[in-house]
Amino acid sequence: MPRTISIGSQDFETIITNHYFYIDKTSFIKEWWENGDSVTLITRPRRFGKTLNMSMVEQFFSIEYANRSDLFEELDIWKDEKYRALQGTIPVIALSFANVKENTYEKTKIRICQILTDLYIKRMFLRNSSVLTEKDREYFDRVSEKMTDTDAVIALHKLSDFVLRYYGKKPVILLDEYDTPMQEAYINGYWEEITGFIRNLFHSTFKTNAYLERAVMTGITRV
């Protein structure tokens, strides 16, 4: 019996558990991991399967998906014993800028800060753990949609540090549609303001982050 093609589904777990039609792309996991690149940028047009691929990568590596081998057992990646042992063993920080579509710099910064704040709220257990100092907790509490630029641009860097201390493993960071805010800025006339903020955020997150295992970024802008 032919499988249902679920148009628009972007969540890997939903597709697998409902037995929807799926073209096996799990070989990307092995190819990416064995390349050893610190940061990988993937640029493809819209509706090219980037978000679904990011969902697949997150659910393969994430500690939150430990013991979810059922999602991968029938796929190509599961043929390799090394990768069977790797599934569900690495902390993952996943975020998306796909919905950051504002017409001013101020609104855009608030939306990005909201996304960063959500990552911290989801990991409130870190704040209450013994691995954080009082100074760390003070920073944790400053993270909000109204935080300063100084606090915002180091938010992912600091979170990587907290995650490493808690799990004893460096996190993988997945950022989907990194370039959406910049496209909106170009169209709406606040390009200079947003590029300064984004440059500092990306520099601390991806370039000078000693607590980062690896990262994948996706975008729709040809570089």
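Which residues does Gln87 touch, not counting residues up to four places away in sequence? They are Gln59, Phe60, Tyr65, Asn67, Arg68, Ser69, Phe72 and Trp78, where contact means heavy atoms within 4.5 Å. This is a predicted model, in which local features need pLDDT of at least 70 and side-chain atom pairs count only at pLDDT 80 or more, while totals for chains, interfaces and linings use all residues. Residues are numbered from 1 along each chain as its sequence is written, and side-chain values use heavy atoms, with hydrogens and water left out.

Helices (H or I, at least four residues) and strands (E, at least two) are DSSP runs, numbered from the N terminus.

- An open sheet is formed by 4 strands in the order 1-4-3-2, and the pairing is parallel; two strands pair if DSSP finds at least two bridges between them.
- Strand 1 and strand 2 (92–96) stand at the edges with a single partner strand each, so one side of each has no neighbour in the sheet.
- From one strand to the next, the twist averages 10 degrees.
- Helix 11 (residues 191–207) packs on the sheet and touches strand 1, strand 3 and strand 4.
- The direction of helix 11 makes about 145 degrees with that of strand 3; axes are lines fitted to C-alpha atoms, for helices over the stretch in contact, and angles run from 0 to 180 degrees between N-to-C directions.

- Strand 4 (residues 214–219) is mostly covered, with 6 of its 6 residues buried; buried means under 20% relative accessible area, exposed over 50%, and partly exposed in between (1.4 Å probe, protein chains only).
- In a regular strand the side chains alternate between the two faces of the sheet.
- In strand 4, Arg214, Val216 and Thr218 point one way, Ala215, Met217 and Gly219 point the other way, and all are buried.
- Strand 1 (residues 39–43) pairs with strand 4 in the parallel sense over 5 bridges, and Thr43 stands opposite Gly219 in strand 4.
- Strand 3 (residues 172–176) runs parallel to strand 4 and is joined to it by 4 bridges; Leu174 stands opposite Val216 in strand 4.

**Helix 2 with helix 3**

- The axes of helix 2 (residues 27–35) and helix 3 (residues 50–61) come within 10 Å and cross at roughly 75 degrees.
- That angle makes helix 2 roughly perpendicular to helix 3; angles under 35 degrees count as roughly parallel, over 145 as roughly antiparallel, 65 to 115 as roughly perpendicular and the rest as oblique.
- Helix 2 brings Phe28, Ile29, Trp32 and Trp33 to the contact, where they meet Asn53, Met56, Val57, Phe60 and Phe61 of helix 3.
- The residues of this contact divide into 8 nonpolar, 1 polar and no charged; Ala, Val, Leu, Ile, Met, Phe, Trp, Tyr, Cys and Pro count as nonpolar, Asp, Glu, Lys and Arg as charged, and the others, Gly among them, as polar.

**Helix 10 with helix 11**

- Helix 10 and helix 11 pack at an angle of about 160 degrees, and their axes are 8 Å apart.
- The two helices, helix 10 and helix 11, are therefore roughly antiparallel to each other.
- Met182, Ala185 and Tyr186 of helix 10 make the contact with Trp191, Ile194 and Ile198 of helix 11.
- By class, this contact of helix 10 with helix 11 has 6 nonpolar, no polar and no charged residues.

**Single residues**

- Gln87 is in the loop between helix 4 (81–86) and strand 2, and is buried with a relative accessible area of 8%.
- Asn67, one of the residues that Gln87 touches, is in the loop between helix 3 and helix 4 and counts as exposed at 75% relative accessibility.
- Phi of Asn67 is near 65 degrees, a positive value in a residue other than glycine.
- Glu177, in the loop between strand 3 and helix 10, is not a glycine but has a positive phi of about 55 degrees; Glu177 counts as buried at 11% relative accessibility.
- Tyr178 is in the loop between strand 3 and helix 10 (180–188) and is buried, with a relative accessible area of 11%.
- Tyr178 and Ile198 are 20 residues apart along the chain, and their C-alpha atoms are separated by 9.3 Å.
- Thr108 lies in helix 5 (residues 105–122) and is buried, with a relative accessible area of 0%.
- Leaving aside neighbours within four places in sequence, Thr108 is in contact with Val100, Glu102, Pro181, Tyr190 and Ile194.
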